[in-house]
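Hi,

Here is the structure I promised to pass on. Have a look at it first, and my notes follow below.

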Amino acid sequence: MARNAPTLLLLAGLASSLPAQEGFPIALDQGPLICFAKAAGGKPHRVDLYAASCNGNQGGKRFWRNTGNTKLVARLDQTHLLVSSYGEPYALIAVDTSTGKHRILAEGSPHSFVAVHGDDVLYRGDNRWGKGDHYLFARSWQVESARRKLAEPQFDSVPIVRGNLAIGVTAGTNEVWSVSLTRSKGRKLYKLPENASQVQLALAPGAQRLAIGANKLGRGHLAVVDLSSAKTLNSWDNLEIEVSMLSSFTPTVQVGWFDDEHVVSSETRGGGRGFGGGNFTFIRRSIETGEIVDDAPYGPVELHHRTPPLPDDEQNPAPRFEIQTEGGKFLLVEKGKKQPLQSVPKDYRTGAFIRLAPAGAFAMVALPDNPKLVLLYRPHKPPLAVSNVGGMDWQWLPAKRAVESSK
């Protein structure tokens, strides 16, 4: 086959277009993007999607119109974006922003995206009306091909994809499985306790151990499993995980790691919880001995537990922007500088807001006197008006390489 055959197949696969969708070709660079949606008005209900380069000099440009609610999910490469269509069709869709054309990747699965893994989109199948199709699938977004089932169990969630390994919780919250994405083979790692719910998973820094947290009839359950042997290294029951009586959240054991030998969980400590007493506390335990080696309260009992901080060697880069508070205002501040760049009232009814990109690399602000005008702040560049029509479902997308035609 010719060296550029995958690209030709890709263009052919994206060539079809249904009347419910319409593309508007735009040019995107390889840098990070800020994307948003805007209701287009009229009947039937339509939604437009926009994208802007965080390093560029132009505001958001419309690249897609869909009948029914629509949301951007992920970036596939420099020119291809993955879109969830919740109307007609009800599907995951790959959009080529350079041509405005598209291809439906996963009919019935707009809510079930898992991850992008190389040239594949990973997703769970359509389980509406008891179809029994919640398997983990992979399908190439580059070339026209059938979907591939990656493991035998059906999954309620697949929260971890790292390297060539995916880890998820099976349907009915019964077991935790790992899936080899290269061999399309699954393996049971852990049998969850009866009545387990709200399962949380976290990989150790060395990616050889897995922490598992779960709610077990209102109390916390925590276990650590070795991935290579599927052996349970230690487990703990009856953890205190109560939240405020004002909370509508189900109590959840949030889990993380201090290092490969110590697991961290968020738990509740102190008497008189309910409306005001007690603290949320990060508890560090030795996997070898099972003993608590450190406890660090991080705040009073509130609506829900926080995820433990990342280990030092996994910390994100130092943020360039941060949000501070002053009286009834939020302030956008660039690190190392005292003068705020912008301030907005805390009152959400004004429509104004400040939002930070992951790791605080960029920031955007909707102004209180004109909330439809949204400014993008970036280091060493003037603010950029990314929208003068407002927006919703704001999302940051990472930098991506250009599509390689020589694969």
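**What I found**

Ile-167 touches Val-158, Pro-159, Ile-160, Val-176, Trp-177, Ser-178, Leu-189, Leu-201, Leu-203, Leu-210 and Leu-227, leaving out residues up to four places away in sequence (a contact is heavy atoms within 4.5 Å).

Before the rest: this is a predicted model, where local features need pLDDT of at least 70 and side-chain atom pairs count only at pLDDT 80 or more, while totals for chains, interfaces and linings use all residues. Numbering runs from 1 along each chain as its sequence is written, and side-chain values use heavy atoms, without hydrogens and water.

Ile-167 is also among the residues with the most contacts inside the largest nonpolar core, which has 17 residues. (Such a core is a set of buried Ala, Val, Leu, Ile, Met, Phe, Trp, Tyr and Cys residues joined through side-chain atoms within 4.5 Å; buried is under 20% relative accessible area, exposed over 50%, partly exposed in between, with a 1.4 Å probe and protein chains only.) β16 gives the largest share, four residues. (Strands are DSSP runs of E, at least two residues, numbered from the N terminus.)

Then there's an open, antiparallel sheet of four strands, ordered β20-β21-β22-β23. β20 and β23 are at the edges with a single partner strand each, so one side of each has no neighbour in the sheet. Inside it, β21 and β22 pair over eight bridges (pairing takes at least two DSSP bridges), and Arg-269 has Asn-279 in β22 as its bridge partner.

Lastly, Asn-388 lies in the loop between β30 and β31. Asn-388 is exposed, at 59% relative accessible area.

Cheers
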